[in-house]
Amino acid sequence: MPDWNEQIRKQLRILNLKIAREAEIVEELAQHAEDRYRELRGGGATETEARRIALEETGGHELLARELRAIERTVAPDRGRFLAGLAQDLRYGFRTLRKNAAFTAVAMLALALGIGANTAIFSVVNGVLLQPLAYPDPGRLMMIFETTSERSQMSVAYPNFLDWRRESRSFTDMAATRSDDFNFTGTGEPEHLSGEYVSASLFPILGVTPFMGRGFLPQEDRHDAACAVVIGYGFWKQRLGADPNILGKVLTLNAMSCAVVGVLPPDLRFRERAQVYVPIEQYDAGLLRERESHPGLSVFGRLKPGVTIKAAQAEIASISSVLAREYPVTNAGHSAKVVRMKDDMVAYIRPTLLLLVGAVGFVLIIACANVANLLLARSTARKREFAIRTALGAERGRIVRQLLTESVLLSLGAAAIGLLLARWGTRLVLAAAPDSLPRSAEIVIDPYVLLFTLAVSIVTGILFGLAPAFHGANANPQESLKEGARGAGGGRHRVESVFVAVEIGLAVILLAGAGLMMQSVWRLLRVDPGFDTRNILTMGTALSPKVMASPPAIRLAFEQMLGRVAAIPGVQSVALTNMVPLAGGYNEIFFWRGTGPQPPQDQTMSAMFSIVTPDYLRAMQIPLQRGRFFTDRDKLAAPPIVVIDDVLARHLFPGQDPVGRQFSVMVLGTVRIVGVTGHVKYWGLDSDDKAKIRDQIYFPLLQVPDRFMSGAAVGQTLLLRTGPEPLSIVSAVRAQVAGPTQDQPIYAVRTMEQIMSGSLAERRFAMLVLMVFAATAMLLAAVGIYGVMSYAVTRRTHELGIRVALGASRREIVGLVLRQGMRLAAMGLAGGLVAAWGLTRLMAGLLYGVRPADPATLAAVASLLAGIALLACYIPARRATAVDPVVALRCE
Amino acid sequence: MEDRSIDREWKKGSAEMLLLSLLEALPRHGYELGKLIEQRSQGALRFHAASLYPLLYRLEKRGWIQGRWVEKSGQRRRRYYRLTAQGRKVLASQRRGWQTFVEAINRITGVENA
C-alpha cells in the first residue's frame with residue numbers, strides 16, 4: 001500500500017496551513033485516495049496504474065493546492081508562524097522574567113538608568129537642536145549679521161539695515177531688533193522691564209498673530225510717531241492682571257508714553273524674557289542714525305519661497321560691498337552673512353549637547369554589557385532548559401528568538417521605567433543647564449522622544465540579548481544533559497571577559513572626559529580675571545523719567561545717586577559702568593592712531609569701551625600701572641581724556657610711556673591718555689586670550705557728550721565693593737537708589753562671583769553631567785568586573801581547593817585571582833586609553849588650559865579605574881582563600 | 001480553450017447545488033459523494049478529489065454543511081458531511097432559481113425549435 005499521507009502532505013506543504021488543519025485534510029484525502037486505489041484495483045488496474053491515477057486525481061498538477069489556497073486560511077507562511085510563535089515567546093518570556101524577579105529587577109534598573117539618561121539627553125537635543133522653531137515655515141527665517149575681518153558676526157548699523165532692506169530682493173521683508181531695558185513707572189513701585197525695540201515688520205516676518213489687538217503699523221515705526229507698545233502675554237497676565245480693556249491704555253516706559261496696541265500670544269518663543277515691544281524708531285535716534293554705530297541690533301529676514309540661503313547671502317554681500325564703496329569711513333571692509341535663525345540660536349550649545357549625546361550613549365552600552373553578562377550567567381544556568389528544548393526538536397533560531405524576545409521584553413520594561421526617570425532627569429538637566437540654554441521651554445517628552453525611547457530600547461534589547469542568545473542556542477544537548485546542573489562553558493567566560501573589558505574601556509573614556517572638564521573648570525576658576533571678584537555687588541539701574549529730559553540733570557542725578565549709595569554703611573566704593581566683565585553685552589568703539597580725521601573703516605581698530613565713574617577702578621580693584629584714573633574734576637568742559645589698558649598701550653605705543661599721548665576715538669575725536677591699567681578679561685576667563693578685540697578704553701561718564709547722555713542713562717550698572725557679604729545690603733541700596741522721586745529701580749542684582757560662575761555655566765553643565773555619567777560608568781564597570789571574578793572563583797573552587805591542598809599559600813591564591821582579574825582590567829584600560837586618546841579630541845573646543853588626551857588626566861583616570869578594579873577583584877579573591885580543600889574536593 | 005473554461009464554470013456553479021442535494025437525505029463522506037455524482041449522471045459529471053474536497057471545505061466554511069469524523073469498527077475513520085439548517089435554506093432557494101432558469105431556457109430554445 002502506498003503511503004498516501006506523505007504524497008498528499010507534499011502537495012499541501014506550499015500552503016503552510018496550520019498544522020492541525022493540514023493533518024485533517026491529509027487524512028481525509030488519503031482516505032479518498034485509498035478508496036479510489038482499491039476501486040481501481042478491483043476494476044483490474046495494475047498496482048502502478050491504480051496508484052498513479054489515484055494520486056493524480058487527489059492532488060495532481062497542483063490543482064488541489066490551487067483550489068485550497070482560495071479557501072483555507074493560508075496566513076502568509078512566515079508571518080503566521082512568526083506571530084503565533086511570538087505570542088508564545090512573549091508569554092513564556094513574561095513567565096521567565098516574573099519567575100526570576102530579583103534578576104529582572106536588577107537588570108531592569110541598570111537598563112532603566114541607561115535608557116532614562118538617553119531619553120533625558122535626547123529630549124533636550126530634540127527640543128533644542130532637532131525640532132524646527134515654532135513659527136510658520138521656520139526654515140526660511142534667517143538672521144543677517146555684518147562681518148569684518150576681525151569679527152565673524154557683529155551687530156548691524158541701522159542705516160545699513162535700512163539699505164539692505166530696501167535693496168534686497170531675496171527676502172519677503174526684514175526686521176531689526178534690539179534688546180533693551182525699560183524703566184516702567186507711574187504705577188507704584190518703579191519697575192524694570194526687559195523689552196525689545198523692533199521693526200514693525202518683525203511680527204509679520206515671524207508669522208506671529210497677536211493674541212489681542214494688533215502688531216505695529218508701518219507708520220508707527222517712525223521716530224516722530226506717537227509711541228506704541230505691544231506687550232507679552234505673561235506681562236499682561238501677571239503684571240497687568242489680564243486687563244481685558246488694556247488696548248489703548250498708556251504705559252510709561254523710559255519716560256515715553258506708549259499706548260498698548262496689542263498683546264502677544266502665550267506660546268510665543270521670541271526673546272522669551274521680553275515683556276514689552278516698542279517700535280525701533282523710538283530708540284535713541286542719536287545712536288540709531290549713525291552708520292558707524294552698531295548698537296546691538298539683530299536683523300531678521302524671511303526668505304522668499306524658492307530663494308536659497310546661498311543666493312540671499314550672495315545678494316546681501318554684494319549690497320554690502322556697494323555700501324562699503326559708498327561709505328568707506330564706516331563700511332570699508334564690512335560684509336554680511338546670512339544664517340538660519342535656528343542655527344544662530346543653538347550653535348553655541350551644539351558641541352556641548354553632542355558631547356553629552358556621545359557620553360550618554362556610552363553609559364547605555366555599559367549598562368547593556370552588564371545586563372548581557374547577567375543574562376549570560378543565567379543562560380548558563382538555563383543550559384539544561386535549552387538542551388531539553390533542543391532535544392525535543394526546537395530549532396536553533398527558535399531558541400535565539402525566545403531569548404531575544406525575553407531581552408527585548410526586559411528592555412521595554414526598562415524603557416517604561418526609564419521614561420519616568422527621564423521626566424525627572426530632564427528636569428534635573430534643565431536645572432543644571434545654563435540659563436542661556438536656548439529653547440529650553442521647548443524641551444518636552446513628545447512623540448519623537450517616545451519613538452526614540454522605543455527604538456533605543458528595542459535596539460538595546462537585541463544588543464545585549466545577542467551574545468547570551470547565541471550562547472544559549474549553542475547548547476549541545478548531549479553535553480549539557482550529561483554535565484548536569486553544574487554546566488559551565490569556557491566560551492561564556494570569554495564573552496563575559498570581553499564585555500567587562502569593554503565596560504572598563506568605556507568607563508575610561510567617560511572618566512577622561514569628565515576629568516578633562518573638571519580640570520578645565522578648575523583652571524578657569526584660578527584664572528586671574530584682572531580684578532578682584534570678591535565682595536562686589538552689581539545691579540542694573542535706571543534714572544527717573546523726570547530727569548531724563550536734560551543731559552545736565554542726568555549727570556547730576558547720577559552723581560547724587562552715587563553719593564547716596566556711598567553713604568550706606570558697609571559700602572567701600574561705588575561706581576557706574578556700562579559694561580560688566582564676564583557678563584556679556586559688550587560695547588565696542590572704533591579708534592585710530594594720531595589726531596587726524598577718521599580714516600576708512602578698514603584702517604580703524606576696535607576696542608572695548610567702558611564708560612565709568614571715577615571709583616570704578618577702586619571698586620573693581622583693577623591695578624593702575626601708570627598715570628592716574630578719573631576724578632570728579634574730569635567734566636564735560638575739559639578736553640576728553642581716556643585711560644587705556646596695558647594691551648592697548650603695547651599696541652599703540654610699544655616700548656613707550658603712553659601717558660600724555662593722544663589718539664582718536666570715534667564720536668569723541670582726539671583723546672588724551674591719562675593712565676594705564678591692567679587688562680581685564682571682559683570676554684570671559686577662557687575666551688579673552690583668544691578674542692580678536694582685547695584693547696580696552698575707559699572713558700568718564702561725566703564727559704559723555706549731551707546727545708548720547710540719555711542713551712547712556714538707560715542700562716547703567718551700579719557696581720559696589722562692600723565690606724560685609726554683598727547681598728546683605730541689597731535692600732539698603734534699593735532704598736537709596738530709588739531717590740527722592742522714588743521711581744528709580746534696581747534689577748538683576750548679582751554678586752561678581754555669581755557672574756563669574758555664570759560665565760562658566762556651560763562648561764560646568766557639561767562637567768556636571770559628564771561626572772554623573774562617569775560615576776555611573778565606573779560603578780557599573782566595578783559591578784561588572786566583580787560579577788565576573790566572583791563567578792570565576794566559584795567555577796575554580798575545585799582547582800583552588802587542590803592548590804590549597806597542595807600547599808598554596810593565601811597570598812598565592814589571592815595573587816592568582818587578582819592576576820586573572822587585573823589582566824581583564826588591563827585589557828579594558830589599554831583599549832579605553834587608546835579610544836580616549838582619540839575621542840577626547842572631539843571635545844577640544846570645550847577644554848581650557850588642558851589638552852585633550854592630557855597624559856596626566858589619562859594616567860589619573862587609569863589608576864583610579866585600576867584601583868577600583870583591584871578592589872572589585874579583591875573581594876572574590878579573599879573568598880577564594882576561604883576555600884576549604886576538603887569541601888572543594890568532596891564536591892566532585 | 002474557451003469552451004473548456006465555460007464548461008468548468010458551469011460545473012462549478014452547479015456543483016454546489018449537486019453536493020447540497022446529495023446531502024439532503026443523509027450524511028455522506030467525500031468519496032461517496034464523488035461516486036454518487038458520477039453514477040447518477042451516468043458518467044457525464046465527474047469530480048476528482050482535487051476539486052471535490054476544496055468545494056466541500058468551501059461549503060463547510062460558509063456554514064451550509066458540517067463535517068464530522070466518524071469511526072466505525074475495523075475501518076479508518078471517515079469524515080461525514082451533513083446539511084445544516086442554513087444549507088437546507090440555500091438548497092431550496094438554489095433549486096427554485098435553477099428551475100426558473102431551466103424553464104426560461106426551455107421556453108426560448110423551445111420557441112426557436114418550433
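**Exercise 1. How many bridges join β5(A) to strand β7 of chain A, and which way do the two strands run? Then find the partner of β5(A) in the antiparallel sense, and decide whether its faces are covered.**

Solution. In this predicted model, we begin with the pair formed by β5(A) and strand β7 (residues 256–263) of chain A, which run parallel and are joined by four bridges. Within this pairing, A:Val230 is the residue that stands opposite A:Gly262 in β7(A). Next we turn to strand β8 (residues 276–279) of chain A, with which β5(A) pairs in the antiparallel sense over two bridges; here A:Ile231 stands opposite A:Val276. Finally we look at the two faces of β5 (residues 228–231): A:Ala228 and A:Val230 lie on one side, A:Val229 and A:Ile231 lie on the other, and as all of these are buried, both faces are covered.

**Exercise 2. Work out where the largest nonpolar core of the model lies, starting from the residues that touch the most other members.**

Solution. The core holds 107 residues, and those touching the most other members are A:Ile504, A:Ala507, A:Val508, A:Leu510, A:Ala777 and A:Ile785. Because domain 2 (81–136 + 348–487) and domain 4 (493–527 + 757–892) of chain A both give residues to this core, it lies between them. To see the surroundings of one member, take A:Val508, which, when residues up to four places away in sequence are not counted, touches A:Leu829, A:Gly832, A:Leu833, A:Ala836, A:Val861, A:Ala862 and A:Leu865.

**Exercise 3. Decide whether A:Glu503 is buried or exposed, and describe what it is in contact with.**

Solution. We first place A:Glu503 in helix α19 (residues 490–525) of chain A. A residue is buried if 20 or more other C-beta atoms lie within 10 Å of its own; A:Glu503 has 30 such neighbours, and therefore counts as buried. Leaving aside neighbours within four places in sequence, its contacts are A:Ile366, A:Ala369, A:Asn370, A:Leu780, A:Ala781, A:Gly784 and A:Gly828. A:Ile785 lies 282 residues away from A:Glu503 in sequence, although the two are 8.8 Å apart in space, C-alpha to C-alpha.

**Exercise 4. Which residues of helix α15 of chain A are buried, and why can they be said to line one face of the helix?**

Solution. In α15 (residues 383–391), the buried residues are A:Lys383, A:Phe386, A:Ala387 and A:Thr390. Looking down the axis of α15(A), we find that these buried residues fall within an arc of 100°, so they line one face of the helix.

Conventions. Residues are numbered from 1 along each chain as its sequence is written. Chains are lettered from A and ligands numbered from 1 in the order in which they are written. This is a predicted model: local features need pLDDT of at least 70, side-chain atom pairs count only at pLDDT 80 or more; totals for chains, interfaces and linings use all residues. A nonpolar core is a set of buried Ala, Val, Leu, Ile, Met, Phe, Trp, Tyr and Cys residues joined through C-beta atoms within 7 Å. A residue is buried if 20 or more other C-beta atoms lie within 10 Å of its own, exposed if 12 or fewer, and partly exposed in between; C-beta atoms are placed from the backbone. Domain bounds come from an automatic or database domain assignment. Two residues are in contact if their C-beta atoms, placed from the backbone, lie within 7 Å. The arc is that of the directions from the helix axis to the C-beta atoms. Two strands pair if DSSP finds at least two bridges between them.
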